[in-house]
Amino acid sequence: MALGVGIIGLPNVGKSTLFNALTRAQHAAVANYPFCTIEPNHATVPVPDARLEQVAAICRVPKVISASVDFYDIAGLVRGASTGEGLGNKFLAHIREVDALLHVVRCFEEADVVHVEGTTDPLRDIGVVETELLLADLQTVQNRLEKVGRQARIDKDLRREADALEVLRQHLDAGKPARSFPRAEADPILPALADMHLLTDKRTIFCANVGEGDLSTGNPQVEQVRQYAARAGADVAVISARMEADLAGLSDVERAEFLGSYGLRESGMDQTARMAYHTLGLISFFTHNEAEARAWTIRRGCRAPQAAGVIHTDFERGFIRAEVVALADYVRLGGESACRSAGVLRVEGKEYVVQDGDVIHFLFN
Ligand code: GDP
């Protein structure tokens, strides 16, 4: 499962700077991602995971393939985008496909960089962006309502959908995002909701872009973003897009030193990737063979055959069983055969719910 994150925000908040850093990180990692294409608005970036490094060290394989996150640079959001300003609806079409949004908010002061709204004011900026997303959703729901409403006169099921859509329309009209639409109300229109890809239904991570000097200390604007996000139940990553660009070209050792000099342990992008996992309820499991150790991404609650299907659809279809070792056992005992001897290697069937950090060997037809 490729995890897709769309980078949004007003112009001049640092989106391209951040995206260029991601592209550089992708170029550095490209040897391990032969399947990823280099596209102008899309970067596949590895998610660092110390647990995978442990697995690789124990099974002594030459190659390590991390899980990855696909970032999409979605330019063109300005006040009025939902009514066709800027790239308008073309912009909005681009964000329908992603799993989550990374909303970059300008929290740095820089006289040389013009602010499209005149001054640095994170809460106003967030308001502008969220209003555009909400207006776009309102339009989407209204369009569907018109279509369904016509047919609903002769079809009882469609009548129910139309009624629920009307409640949703009122919810959005009151300025509330689709993600807070009550579950019970949403039930009759789950297929419609999946189909509409509403923008305010997507999980959002706020990305406060600060100057390097404010990274470890934060600043009053970051605080405003934090408070806003806390009310919305969203995560906040504090990054400096400029620093990410500097970090992208460095080796692991150099990176650690560079971050350490700012009192930091991880880069903003590493932080963001971790949050994307958390926000979307994703976990990783690990596999290895003679050639490589690899991390795979699944949703929490996923059963063994579906997890196998992430590797290859044939694995899901022909699933027989999974040999599973918990990571703690794998590390403590030093590998698979020791785990087998110690009796902690479990044989699991198709009802098994895969746990974060499981080291798995699938057997299939
Ligand atoms: P976009 O329109 O959102 O894609 O913004 P850009 O990435 O093009 O950035 C706009 C301007 O802000 C550029 O001149 C960047 O160098 C500058 N900028 C971006 N991030 C930072 C930052 O963290 N600190 C400072 N001081 N300037 C930044």
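**Exercise 1.** How many residues surround the ligand, and which are the closest?

*Solution.* The structure is a predicted model, in which local features need pLDDT of at least 70, side-chain atom pairs count only at pLDDT 80 or more, and totals for chains, interfaces and linings use all residues. Residues are numbered from 1 along each chain as its sequence is written, and side-chain values use heavy atoms, with hydrogens and water left out.

Step 1. Apply the cut-off: a residue is near a molecule if one of its heavy atoms lies within 4 Å of it.

Step 2. The ligand is surrounded by 16 residues. The closest are Asn12, Lys15, Ser16, Thr17 and Glu110.

Step 3. Sort the shell by type: 7 residues are nonpolar, 6 polar and 3 charged. Here Ala, Val, Leu, Ile, Met, Phe, Trp, Tyr, Cys and Pro count as nonpolar, Asp, Glu, Lys and Arg as charged, and the others, Gly among them, as polar.

**Exercise 2.** Find which helices each supply at least two residues of the shell around the ligand.

*Solution.* Helices are DSSP runs of H or I with at least four residues, strands are E runs of at least two, and both are numbered from the N terminus. H1 gives the most, with 3 residues.

**Exercise 3.** Give the strand order of the open sheet and name its edge strands.

*Solution.* Step 1. Two strands pair if DSSP finds at least two bridges between them. The 6 strands run in the order E2-E4-E1-E5-E6-E7, with mixed pairing.

Step 1. Strand E2 (42–46) and strand E7 (235–239) are the edges, each pairing on one side only.

Step 2. Inside the order, strand E1 (residues 3–8) and strand E5 (residues 100–106) pair in the parallel sense over 4 bridges. Ile8 stands opposite His103 in E5.
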